[in-house]
Amino acid sequence: QVQLVESGGGLVQAGGSLRLSCAASGSIFSINDMGWYRQAPGKQRELVAVITWSGRTTYADVVKGRFTISRDNAKNTVSLQMNSLKPEDTAVYSCFGNVFRDSSINRVYWGQGTQVTVSS
């Protein structure tokens with residue numbers, strides 16, 4: 001079994017910063033892409049940022065220059081540093097990982113989600 005557990009959400013004022021972390025545990029051979037999605041009430045889920053095993057990153061246009069994704073392959077963790085937060089960043093943030101449990105079998109696992117609320 002594989003689990004992804006997030007931490008670091010909370011309430012912050014506009015212009016502030018938060019750091020989200022996600023740790024994967026269990027029967028893991030390796031993890032390819034890791035990243036974060038978010039979903040605000042009444043809105044579709046959107047991809048925030050993705051990082052490959054080699055460290056290549058992709059960001060949604062709305063967070064470029066404000067958010068930074070990073071990972072530690074040895075610890076199977078991914079983090080999202082969020083700066084200059086805006087009220088429109090308010091959402092439930094969920095991490096994901098494309099986990100290989102052996103050299104050929106993989107699937108995407110999700111964290112339970114963590115609430116980020118940015119007050120104006």
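This is a predicted model: local features need pLDDT of at least 70, side-chain atom pairs count only at pLDDT 80 or more; totals for chains, interfaces and linings use all residues.

Reader: Why is lysine 86 called partly exposed?

Author: Its relative accessible area is 35%. Buried would need a value under 20% and exposed one over 50%, so lysine 86 with 35% counts as partly exposed.

Reader: Which residues does lysine 86 touch, leaving aside its neighbours within four places in sequence?

Author: Lysine 86 is in contact with Arg66 and Val118. The word contact calls for heavy atoms within 4.5 Å.

Reader: Why does threonine 52 count as buried?

Author: The cut-off for buried is under 20%, and threonine 52 has 11% relative accessibility, so it counts as buried. Threonine 52 is found in the loop between β5 (46-51) and β6 (57-59). Apart from its neighbours within four places in sequence, threonine 52 is in contact with Asn32, Asp33 and Arg71.

Reader: What makes the link of cysteine 22 and cysteine 95 a disulfide?

Author: A disulfide needs two cysteine sulfur atoms within 2.5 Å. Here the S to S distance is 2.0 Å, and cysteine 22 is joined to cysteine 95. The structure holds 1 disulfide.

Reader: Which parts of the chain does this pair link?

Author: Distant ones: cysteine 22 is in strand β3 (residues 18-26) and cysteine 95 in strand β9 (residues 91-100), 73 residues apart. The link is right-handed, with 50° about the S-S bond. Both cysteine 22 and cysteine 95 are buried.

Reader: How do you know that β1 and β3 pair?

Author: Pairing takes at least two bridges, and β1 and β3 have 6, in the antiparallel sense. Within β3, cysteine 22 is the bridge partner of glutamate 6.

Reader: Which strands belong to the sheet, and in what order?

Author: The 4 strands follow the order β1-β3-β8-β7 in an open sheet with antiparallel pairing.

Reader: What makes β1 and β7 edge strands?

Author: Each of them, β1 (2-7) and β7 (67-72), pairs on one side only. On average, neighbouring strands of this sheet are turned by 15° against each other, direction ignored.

Reader: How many bridges join β3 to β8?

Author: There are 6, and the two strands run antiparallel. Arginine 19 has glutamine 81 in β8 as its bridge partner. Likewise, 6 bridges join β7 to strand β8 (residues 77-82), again antiparallel. There, serine 70 stands opposite serine 79 in β8.

Reader: How many aromatic pairs are counted?

Author: The count comes to 3 aromatic pairs.

Reader: Why is the pair of tyrosine 37 and tryptophan 110 called tilted?

Author: Ring centres must lie within 6.5 Å to pair, with planes under 30 degrees apart counting as stacked and over 60 as edge-to-face. The centres of these two rings are 5.4 Å apart and the planes are at 55°, so the pair of tyrosine 37 and tryptophan 110 is tilted. Tyrosine 37 lies in strand β4 (residues 30-39) and tryptophan 110 in strand β10 (residues 106-110), so the pair ties together parts 73 residues apart in sequence. Ring pairs link Tyr37, Phe96 and Trp110 into a cluster.

Reader: Are tyrosine 37 and tryptophan 110 buried or partly exposed?

Author: Tyrosine 37 has a relative accessible area of 21%, so it is partly exposed. Tryptophan 110, with 36%, is partly exposed.

Reader: Where does arginine 45 lie?

Author: Arginine 45 lies over the face of tyrosine 37, 4.6 Å from the ring centre. The charged end of arginine 107 sits over the ring of tyrosine 109, at 3.9 Å from its centre.

Definitions and conventions:
Residues are numbered from 1 along each chain as its sequence is written. Side-chain values use heavy atoms; hydrogens and water are left out. Buried means under 20% relative accessible area, exposed over 50%, partly exposed in between (1.4 Å probe, protein chains only). Axes are lines fitted to C-alpha atoms, for helices over the stretch in contact, and angles run from 0 to 180 degrees between N-to-C directions. Rings of Phe, Tyr and Trp (its six-membered ring) pair if their centres lie within 6.5 Å; planes under 30 degrees apart count as stacked, over 60 as edge-to-face and the rest as tilted. A charge sits over a ring if NZ of Lys or CZ of Arg is within 6 Å of the ring centre and within 35 degrees of the ring normal.
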